[in-house]
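This report describes how two chains meet. The sequence and structure come first, and the description follows.

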Number of protein chains: 2
Amino acid sequence: MSDPLSQLFAALADPTRRDLVARLTDGDATVGQLAAPYRVSVQAISKHVKVLEQAGLVSRGAQGHRSSVHLEAEVFDLMTKWIERYRQRAEARYKRLDAVLAEMNDEEAGHRPAREETA
Amino acid sequence: MSDPLSQLFAALADPTRRDLVARLTDGDATVGQLAAPYRVSVQAISKHVKVLEQAGLVSRGAQGHRSSVHLEAEVFDLMTKWIERYRQRAEARYKRLDAVLAEMNDEEAGHRPAREETA
DNA sequence: CCAGTTCTCAACCGCTTGGTTGATAACGTA
DNA sequence: TACGTTATCAACCAAGCGGTTGAGAACTGG
């Protein structure tokens, strides 16, 4: 079993599974109901649901059998936090770069030692 | 080749590739620099970079050879938009459910026809 | 109890993946 | 020019994935 974040991203890397998640935002559903719109077998959808479950994206009613599949939207946060963290780091770097460029413009004759990355 | 969203999620489903992305938020780097911290071969990292590139997460300097790998943080938005969309739909559903429950409490004797989902 | 429905498990298949090694292309430099 | 460095390409391998079919478990209802 791999780390939670990898499982999450991997789970959503399949269009059918993303579609299932989308569908579950309309409300809980049984595996049969979930499988109905697709041409693939119920077993295939059952497997997909299992993947979503192991990723924590989905839970099931009390008795596993004939029970509803429920979306656990909170785990989305795990991903958004990861993404936002690095998006912000990337943006911060651009800002830093801008600042350095501005500085270079300001003191072209200053011949200060060039700063290395962040140091 | 699969759809862009699938490629994005799949690209980030690997811990090594997420690590590469994280590293690139510190600034551009050559394949060799990226590969240095890992025990795997340079070829393996080169493959990872290729996957990131095809997902649009990364671009390369002019000459493919010996040039820098650059993070394209904007494509993160594709994912966050997808996630946010369905997180909000899920939340909206909870709110709707709350409203229905409150309504049932208010008019226990009202015997209004139950609303079906959103209709 | 028996029958039908719903779902999962198991085995299998073709394709993709992450890794390897080896060869080779492209560049910088003594 | 010849050499070393850097990166990619190619072939291969084991493992995993998405799909199938077939069997069976678990619950529902006559």
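## Contact between the chains

Two residues are in contact when heavy atoms of one lie within 4.5 Å of heavy atoms of the other. The model discussed here is predicted. In it, chain B gives 32 residues to the contact and chain A gives 32 residues. Of the interface residues of chain B, 100% are also interface residues in chain A, so the copies meet through the same surface.

## Area

The size of an interface is often given as the accessible area lost when the parts come together. For chain B and chain A, the buried area is about 2900 Å². Carbon and sulfur atoms give 62% of that area.

A salt bridge joins B:Asp77 to A:Arg87, with the closest N and O atoms 3.9 Å apart.

On the side of chain B that touches chain A, two or more residues come from each of helix H1 (4-12), helix H2 (15-24), strand S2 (69-71) and helix H5 (76-106) of chain B. H5(B) supplies the largest share, 13 residues. By class, this side of chain B has 17 nonpolar, 10 charged and 5 polar residues.

## Symmetry

Chain B is superposed on chain A by a rotation of 180° with 0.0 Å of shift along its axis, at an RMSD of 0.1 Å. That is the relation of a two-fold axis.

Definitions and conventions: Residues are numbered from 1 along each chain as its sequence is written. Chains are lettered from A and ligands numbered from 1 in the order in which they are written. This is a predicted model: local features need pLDDT of at least 70, side-chain atom pairs count only at pLDDT 80 or more; totals for chains, interfaces and linings use all residues. Side-chain values use heavy atoms; hydrogens and water are left out. Buried area is the accessible area (1.4 Å probe) that two parts lose on being put together, summed over both. A salt bridge is a side-chain nitrogen of Lys or Arg within 4 Å of a carboxyl oxygen of Asp or Glu. Helices (H or I, at least four residues) and strands (E, at least two) are DSSP runs, numbered from the N terminus. Ala, Val, Leu, Ile, Met, Phe, Trp, Tyr, Cys and Pro count as nonpolar, Asp, Glu, Lys and Arg as charged, and the others, Gly among them, as polar. Copies are superposed by least squares on the C-alpha atoms of residues with pLDDT of at least 70 in both.
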